[in-house]
Amino acid sequence: MAARLRGPGMTRAFLGTLIAIAFSYVVIIIMRTWYDLNPVVDGFAVLELSLFLAPIGFLIGLGAFDYWFYWAAGKKTVADDHSSHGAHSWRDYFKVNTDHKVIGIQYVVTSFFFFFVGGLFAMLMRAELAQPGRQFVDPNTFNGLFSVHASLLIFLFIIPVFAGLANYVLPLMIGAPDMAFPRLNALSFWMLPLAGIMMLMSFGAPGGSFASGWTAYAPLSVTAPEGQVFFTIGVQFAGASSIATALNFLATIITMRAPGMSFFRMPLLVWANFSTSLLVVIATPFIAVSQFMVFFDRSLGFNFFNPGGAGDVLMYQHIFWFYSHPAVYIMMLPGFGIISEILAVKSRKPIFGYRMMAFSLLAIVVLGFTVWAHHMFVSGMQDWIRVPMMITTAIIAVPTGIKIFSWLATLWRGVLHLDTPMLFALGFLTMFTLGGISGVVLAIIPVTIHVSDTYFIVAHIHYVLFGGSLLTIFAGVYYWFPKMTGRMYDERLGKLHFWTTFIFFNATFAPMHVIGVQGMPRRVADFAEQWAGWNLAISIMSFFLGLSALIFAYNMIASWRGGPRAESNPWRALTLEWLVTSPPPIFNFDAIPTVVGGPYEYGVPGAVHGVLKGGAEVPQPAGATASGAGSGRGAPSAAKDEE
Amino acid sequence: MEAGSISAGVALDHHDDDHGHHHGPPMANRSSRVSHEILGMLLFIISEIMVFGAFFTAYFFIRLVAEGHRWFPFEGYELPVAVAGMNTAILVSSSLTMHWAQSSIKNGNRFGLKAGMVLTSLLGLTFLFIQINEYIHIGFSPQDHAQGTIFYGLTGLHGAHVFVGLTLLVMVTVRAFRGHFSPEHHHGVEVPGIYWHFVDVMWIVVYTAIYIV
C-alpha cells in the first residue's frame with residue numbers, strides 16, 4: 001500500500017486530491033483569519049479553491065508532473081525515458097502515458113463517454129418538451145440540463161474528440177515517431193476528464209447545476225447560484241488542455257515532418273489541424289480570461305462587469321465571442337480535414353484544388369477573428385459595429401464555399417465506394433451545406449433580429465455541429481477504426497447507423513426551423529399550445545435519433561472485441577499511416593519514411609506518396625499484434641490496380 | 001543547435017548495444033531549423049499575449065467605453081508613476097543580466113551563467129517586492145471601482161507571470177549550480193530566458209498603458 005501511495009497512479013492521485021482539498025481548507029482558514037472574516041470556515045470559499053487545487057493534486061498524484069519535478073529539483077533526467085510509453089493492458093490506459101496512440105484512444109473514448117452523457121441530457125430535455133406545461137423537470141433543472149448538455153458536447157466532446165483523432169493519426173501521417181512534447185500531451189489529456197467530471201458534479205451543488213447556458217453571460221453568471229463556478233473553473237482545465245494540445249500539434253507539424261514532406265505535400269487533415277491549432281492558441285486564452293473575470297466578480301467582488309462600479313456588462317460578450325466565434329471553426333476545421341481524406345480515398349481521385357483547400361483553411365483562420373459581434377446583433381452594442389460584422393460574416397462563407405465545391409469536384413466522375421465512412425462524409429456534405437446556408441441567412445441583421453433566441457438558432461447550430469461536426473467525427477472514427485484497433489467494424493451495422501442517424505437527425509432538427517421562424521423561444525422549459533404538435537413529433541424523432549447512437553456504441557464495442565483482423569491498408573489509401581501495421585508498432589516506424597509525392601494521387605498510375613526505407617514494402621515490426629497484417633498491399637500497387 | 005529531447009540519437013545507440021533487436025523510436029526528421037522547445041515556448045508566448053490581450057480589452061472598455069468611464073488620477077486616487085518607473089528600470093535590467101547568463105553559457109563561461117542567473121532572480125524578486133509594497137500603499141482596492149479592478153487585474157496578471165518566471169529562473173539557477181548546461185546543451189537556460197524577456201516586454205506595455213498614457 002505504501003509503495004502504491006508513493007508511486008504514480010490512481011491511488012496516489014486520489015490521495016493528492018484529498019491533500020489538495022485539505023490544503024484549500026487550511027488556506028481559507030488562514031486567509032479569513034488574516035482578514036478578520038467571520039465565520040473562519042466558509043464552505044463556498046473552500047469549494048471554489050478546491051475546484052482549482054483538487055484537479056492539480058490529482059494530476060500530481062497521477063504522475064503527470066513527475067518528470068518536471070525531477071528536472072526542477074536539478075536531478076538527472078533522461079529526456080528519452082520510454083518507460084511510460086505504449087499500452088500492454090487496459091490498465092495502461094488509466095496511467096500517464098506518453099504514447100500518442102494511447103493518448104489518442106484515451107481522448108476518443110473519454111469524449112465519447114461525455115457524448116453519451118450529453119446526449120442523455122438532450123433526451124431528458126426532449127421528454128420535458130414533448131408536451132406544453134411541466135412534465136418531468138422544473139424550469140431551473142431544465143436550464144441546467146441545456147447548459148450542461150452544450151458545455152459537455154462542446155468542451156468535452158467535439159473539441160477533444162478531434163484532438164484525439166488527430167493525436168492518433170497526425171504523427172503517423174507526417175512520419176514522426178511521436179508528438180513533439182509527449183509528456184505535455186499526456187498532461188493535456190488528463191486535464192480533460194477532470195473538467196468533465198467537474199461540470200457533471202455541478203448537479204450536486206446547492207441551487208442546482210450551472211444554468212446560464214454554455215455562454216455564461218454576465219451578469220447572470222456573476223449572480224447565479226454556486227453551481228456556476230463548476231463551469232467557470234471547469235472551462236479553465238478544458239481550455240488549458242486544448243491550448244497545450246494545440247501548441248503540441250503546431251510544434252510537431254513544423255519540426256517533425258518526414259524528409260520530403262513539404263508543407264504542400266501534407267495531407268489536408270494535417271493542414272486542418274495546423275489551422276485549428278493556430279485558432280486554439282490565439283483564441284482560447286480569451287475564454288479563459290472571460291471566466292476568470294466572472295470568477296473574480298462573483299467570488300471576490302471585483303467590478304469587471306458591474307455597472308455600479310463603472311464596469312461594462314457588454315464587455316463580457318465581446319471577450320467571450322472573440323473566443324467562441326473562432327471556436328466554431330475549432331469545432332469544424334478538423335472535420336474538414338477528415339472529409340478531405342475520406343472523399344479522395346473513397347472516390348479514388350486526387351483531391352480537387354489541393355492548394356486552395358489549404359489556403360481556404362488559413363483564410364478561415366484569419367476571417368474567423370473578424371466576425372465575433374454577429375452573435376451580438378440584439379445585445380444593444382454600438383450600432384455601427386453591426387454592418388461591418390454582417391459583411392465579414394458573409395465573406396467567411398466564401399472560403400467555406402471553396403471547400404464545398406472542391407469536394408464536389410473531387411466526387412465528380414470518381415469511382416465512389418459507398419461504405420460507412422463515405423456515407424457519413426456525403427451526409428456531412430449535404431447537412432453542413434444546409435447549416436451553412438442558414439448561417440448566412442442569420443448573418444443578415446433583420447433576420448437575426450427576428451429569429452434571435454428562437455428554435456431557428458437551435459436548428460442552425462445543430463445542423464452545423466451535429467450535421468456538420470458530428471457526422472465528420474463518425475466518418476473519421478469508422479475510417480480509422482481499423483488502424484486504431486486492428487479490427488474491422490461491422491459494415492452492415494455501420495450503414496444502418498448512418499441511415500438512422502441521417503433520417504432521424506433531419507426529422508428532429510428540420511422542423512425546428514419552422515417553429516423558430518414562428519417564434520418559439522429557445523432555452524425555455526414550456527411553450528405555447530400552438531407548437532404542441534410539432535414538439536411532440538420532434539421529441540419522438542429525437543428518441544429514435546438517440547437510439548441510433550446505441551447502434552454505433554454496440555458496433556464499436558463488439559467490433560473492437562471480436563471483429564475480423566484489419567490489414568494494414570484496408571482502404572488502399574496513400575497517406576503514411578497506412579504504410580504500417582494496424583495497429584501501428586509502438587514507435588510507429590522502424591525508420592522514418594521518405595515522402596516522394598503528393599498525398600492524394602489516387603488513380604494516377606505509379607504515383608507514390610511515401611516510401612519506407614528499403615522500398616515500398618511494409619516492414620515486419622517487432623511486437624506487432626495484428627497477425628499477417630504486415631504483408632498488406634503496398635500503397636503504389638493499390639493505386640495502380642484501381643484504374 | 002542541440003538535438004531535441006525526442007530525437008536524441010544517443011538513446012537509440014545505447015538501446016541497440018544492449019538489446020540487439022529491440023530499439024527505441026527512430027530519430028525524428030528535423031524539418032525546421034527551429035527546435036521544438038524554442039518553438040513551443042514561442043507559441044506559448046502567443047497564447048500569453050492573448051491572455052494579456054483579453055485583459056487589455058477589459059482595460060479598453062473600462063477606460064473608454066463604459067458608462068462613467070474615467071482614468072487615474074480621479075477623486076484623489078493616484079498612481080505612483082515614479083516608483084513604478086523605477087521598478088520598470090529594475091525589471092529591464094534583469095533582462096540584461098539574463099542575456100548575460102545566456103551568452104555566458106554559450107561561450108562556456110560557467111561563472112557568468114551562475115552570476116547572471118542569481119542577479120536576474122534577485123532583480124525579479126525585488127520587482128515583485130516593490131509591486132506588493134505598492135499594492136499595500138496605493139489606497140484603493142479592486143472592489144472599489146472598475147478602474148481599481150483593471151489596475152489590479154493587469155498588474156496582478158503581470159505579477160503572476162513574474163512569479164512563474166521567477167520559479168523557472170530559480171530552477172535554472174539550481175541546475176546551474178549543480179553543474180548542468182554546457183555550450184552544446186543550454187536549452188534549459190534559453191527557453192526560460194525567452195519567457196523572462198517576454199515578461200519584461202509585457203511589463204513595458206502594461207506600465208505604459210496603466211501609468212503613462
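Modeller: Pro39(A) sits in the loop that links helix H2 (10-34) to helix H3 (43-62) of chain A, where helices (H or I, at least four residues) and strands (E, at least two) are DSSP runs numbered from the N terminus. This is a predicted model, in which local features need pLDDT of at least 70, side-chain atom pairs count only at pLDDT 80 or more, and totals for chains, interfaces and linings use all residues. Residues are numbered from 1 along each chain as its sequence is written, and chains are lettered from A and ligands numbered from 1 in the order in which they are written.

Biologist: What kind of peptide bond joins Asn38(A) and Pro39(A)?
Modeller: That bond is cis, with omega about -10°. In chain B, a cis peptide bond also joins Phe72(B) and Pro73(B), with omega about -5°, and Pro73(B) is placed in the loop between H2 and helix H3 (81-106) of that chain. As background, most peptide bonds are trans.

Biologist: Changing topic, where does H6(A) bend?
Modeller: The bend is at Asn167(A) and amounts to about 35°, with Pro171(A) following within four residues; the angle is taken between axes fitted to the seven residues ending there and the seven starting there. Helix H6 (residues 139-173) of chain A has 35 residues and spans 48 Å from its first C-alpha to its last, close to the 51 Å expected at 1.5 Å a residue, a figure that is 1.5 Å times one less than the number of residues.

Biologist: And how many of its residues are buried?
Modeller: In H6(A), 31 of the 35 residues are buried, so the helix is largely enclosed by the rest of the structure. Here buried means that 20 or more other C-beta atoms lie within 10 Å of a residue's own, exposed that 12 or fewer do, and partly exposed is in between, with C-beta atoms placed from the backbone.

Biologist: Which part of chain B gives the most to the side that touches chain A?
Modeller: H2(B) does, with 16 residues. Overall, 47 residues of chain B are in contact with 47 residues of chain A, contact meaning that C-beta atoms, placed from the backbone, lie within 7 Å. Helix H2 (36-65) and helix H5 (146-177) of chain B each supply at least two residues of that side.

Biologist: What is the phi of Arg348(A)?
Modeller: It is near 50°, a positive value in a residue other than glycine, and Arg348(A) counts as partly exposed because it has 16 C-beta neighbours inside 10 Å.

Conventions
Two residues are in contact if their C-beta atoms, placed from the backbone, lie within 7 Å.
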